[in-house]
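Biologist: Could you walk me through how to read burial, salt bridges and pockets in a model like this one? I'd like the general idea each time, then the case at hand.

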Amino acid sequence: MPVFHLIFHAYRSWGADHPEGYRQHGRRGLIPSDLGIARYRGRLARSAEVVFTSEVQTIFVETALEACSRREWRLHAIVATPTHVHAIVSWKSDISESQVIGSLKRLMSREAGKVIGDGLERRFSRGASRTRIKSRSHLTELIYKYLPQHTGVYWCEDVAEQK
């Protein structure tokens, strides 16, 4: 059963002028900040930078929970912040992580658009970061240490079961 840590970034939330550097599709690792590329991309952008409000964060978490349960995927934990969403997801079928990513992004964005009615064309940047989790210790660290340290709406299956 594959278990993945998926990260969906808000549209234009991590530009080429980011102090830590930026990422380019098709290239591995961080590339040093580049103000010129940031300006160029800003001119090409379809809309302004997207920031997820607490209301949108809650919609994302609730939508991911519902989507995973309907598809018999397991959502271990999720945190939605103003600039990105982390989800720890596993599944038993032979569906690819790309299909899981596409489904979750599409459903979360669509539901937020219906509820908020802001008319945004894009909420998420293209693609997503994905890391396959291969050990129980890595999974435990992500769920109980890494995700809870983010500021935003957090949900964990163990905590939900205790309520």
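Modeller: Let's start with burial: a residue is buried under 20% relative accessible area, exposed over 50%, and partly exposed in between (1.4 Å probe, protein chains only). Take R74, which counts as partly exposed because its relative accessibility is 40%. Bear in mind that this is a predicted model, where local features need pLDDT of at least 70, side-chain atom pairs count only at pLDDT 80 or more, and totals for chains, interfaces and linings use all residues. Residues are numbered from 1 along each chain as its sequence is written, and side-chain values use heavy atoms, with hydrogens and water left out.

Biologist: Which residue does R74 meet in a salt bridge?

Modeller: In general, side chains of opposite charge can pair when their charged atoms come close. R74 meets E157, at 2.8 Å from N to O. That pair ties together distant parts of the chain, 83 residues apart: R74 sits in strand 2 and E157 in helix 5 (residues 157-162). Helices (H or I, at least four residues) and strands (E, at least two) are DSSP runs, numbered from the N terminus. E157 has a relative accessible area of 12%, so this residue is buried.

Biologist: What about D118 and R123?

Modeller: Those two side chains also form a salt bridge, 3.0 Å from N to O. D118 is partly exposed, with a relative accessible area of 35%, whereas R123 is buried at 4%.

Biologist: Which residues of helix 4 are buried?

Modeller: In helix 4 (residues 136-146), look at L139, L142 and I143. Down the helix axis they fall within an arc of 85° (taken from the directions from the axis to the C-beta atoms), so they line one face. The face turned away from the buried side carries the exposed residues S137 and K145. As for partners, a contact means heavy atoms within 4.5 Å, and the buried residues pack against strand 1, strand 2 (73-80), strand 3 and strand 5 (153-156).

Biologist: Is K105 buried or exposed?

Modeller: K105, in helix 3, counts as buried at 15% relative accessibility. Beyond its neighbours within four places in sequence, K105 is in contact with F8, F124, S125, R126 and G127.

Biologist: Now pockets. What is the volume of the largest pocket?

Modeller: First the idea: on a 1 Å grid over the protein atoms alone, a pocket is an open set of points with protein on both sides within 12 Å along at least five of seven lines, a 1.4 Å probe being the one that fits but cannot get out in a cavity; lining residues have an atom within 4 Å of a point. Grid points are joined across faces, edges and corners, and the volume is the space filled by probe spheres set on the points. The largest pocket comes to about 1,500 Å³. Its lining has 37 residues, with W14, R23, H25, S125 and R126 nearest the centre. Helix 1 gives the largest share, four residues.

Biologist: Which residues line the second largest pocket?

Modeller: I59, E62, T63, E66, R70, L107, R110, E111 and K114. That pocket has a volume of about 150 Å³. Helix 2 (54-71) and helix 3 (97-116) each give two or more residues to this lining, and helix 2 gives the most, with five.

Note on methods
A salt bridge is a side-chain nitrogen of Lys or Arg within 4 Å of a carboxyl oxygen of Asp or Glu.
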